[in-house]
Structures are given as C-alpha cells and as structure tokens.
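The report below considers a single protein chain, with attention to its helix, its charged pairs and a few individual residues. Please read it alongside the sequence and the coordinates.

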Amino acid sequence: MNYLKESAVHAVEETQSTIILTRKKKTRCDEFAHVVEAVMLDYPDAKTHIDSESGGYDKIIILK
C-alpha cells in the first residue's frame, strides 16, 4: 500500500516539514485505520488525531 498517494479513503497534504494524511469520510472508517497502522509501522513517531464524534482516526501527521 502506498499511503503517500491520495486514495478514495484519504487525502495527502505535504508541506516542507510534514506530511498530513486526512480521512475523507465524515464517519469512522476501517480502511483509514489500516492506513494509520501502516504509517505507524514506518513512522513510529507520527502523531495521530482521533475525531471525538466518530471515535476513529481522522488524521495522521508525519514529521519529515
């Protein structure tokens, strides 16, 4: 899985110092949870954000 490319599940925004992956669905998404798991394997220092309404991950931030 190449999570650094945008997909139907998530958007990718890259700045000079970060890569931000954002869930596209408004509700909890198991597919995005798999993306988060893959990112955390490669970037254990990545920061996650959980949406308080859905209780699922909605964003992950990778510091370059």
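## Contacts and charged pairs

Leaving aside neighbours within four places in sequence, Ser-54 is in contact with Arg-23, Thr-27 and Arg-28, where contact means heavy atoms within 4.5 Å. This is a predicted model, in which local features need pLDDT of at least 70 and side-chain atom pairs count only at pLDDT 80 or more, whereas totals for chains, interfaces and linings use all residues. Residues are numbered from 1 along each chain as its sequence is written, and side-chain values use heavy atoms, with hydrogens and water left out.

Ser-54 belongs to the loop between β3 (47-50) and β4; helices (H or I, at least four residues) and strands (E, at least two) are DSSP runs, numbered from the N terminus. The side chain of Ser-54 makes a polar contact of 3.5 Å with the side chain of Arg-23, and a polar atom of the Ser-54 side chain also lies 3.2 Å from the backbone nitrogen of Gly-56. A polar contact is a pair of N or O atoms within 3.5 Å; within protein, one must be able to donate a hydrogen and the other to accept it, and residues adjacent in sequence count only if both atoms are side-chain atoms.

The structure holds 3 salt bridges, each defined as a side-chain nitrogen of Lys or Arg within 4 Å of a carboxyl oxygen of Asp or Glu.

| Salt bridge | N to O distance |
|---|---|
| Lys-24 and Glu-6 | 3.0 Å |
| Glu-14 and Lys-64 | 2.6 Å |
| Asp-51 and Arg-23 | 3.5 Å |

The pair of Asp-51, in the loop between β3 and β4, and Arg-23, in strand β2, links parts of the chain that are 28 residues apart. Both Asp-51 and Arg-23 are buried, whereas Glu-14 and Lys-64 are exposed; buried means under 20% relative accessible area, exposed over 50%, and partly exposed in between (1.4 Å probe, protein chains only). Lys-24 counts as partly exposed at 39% relative accessibility, while Glu-6, at 52%, counts as exposed.

Asp-58, in strand β4 (residues 57-63), is buried yet has no salt bridge, and the nearest side chain of opposite charge, that of Arg-23, is 4.8 Å away. In assigning charge, Lys and Arg count as positive and Asp and Glu as negative, while His and the chain ends are not counted.

Helix α1 has 13 residues and reaches 19 Å from its first C-alpha to its last, close to the 18 Å expected at 1.5 Å a residue, the expected span being 1.5 Å times one less than the number of residues. Within α1, Phe-32, Val-35, Val-36 and Val-39 are buried. They cover an arc of only 100° around the axis, which puts them on the same side of α1; the arc is that of the directions from the helix axis to the C-beta atoms. The face turned away from this buried side carries the exposed residues Asp-30 and Leu-41. The cover over the buried residues of α1 includes β1 (10-14), β2 (18-23), β3 and β4.

Val-35, at 4% relative accessibility, counts as buried. Not counting residues up to four places away in sequence, Val-35 touches Met-1, Tyr-3, His-10 and Leu-21.
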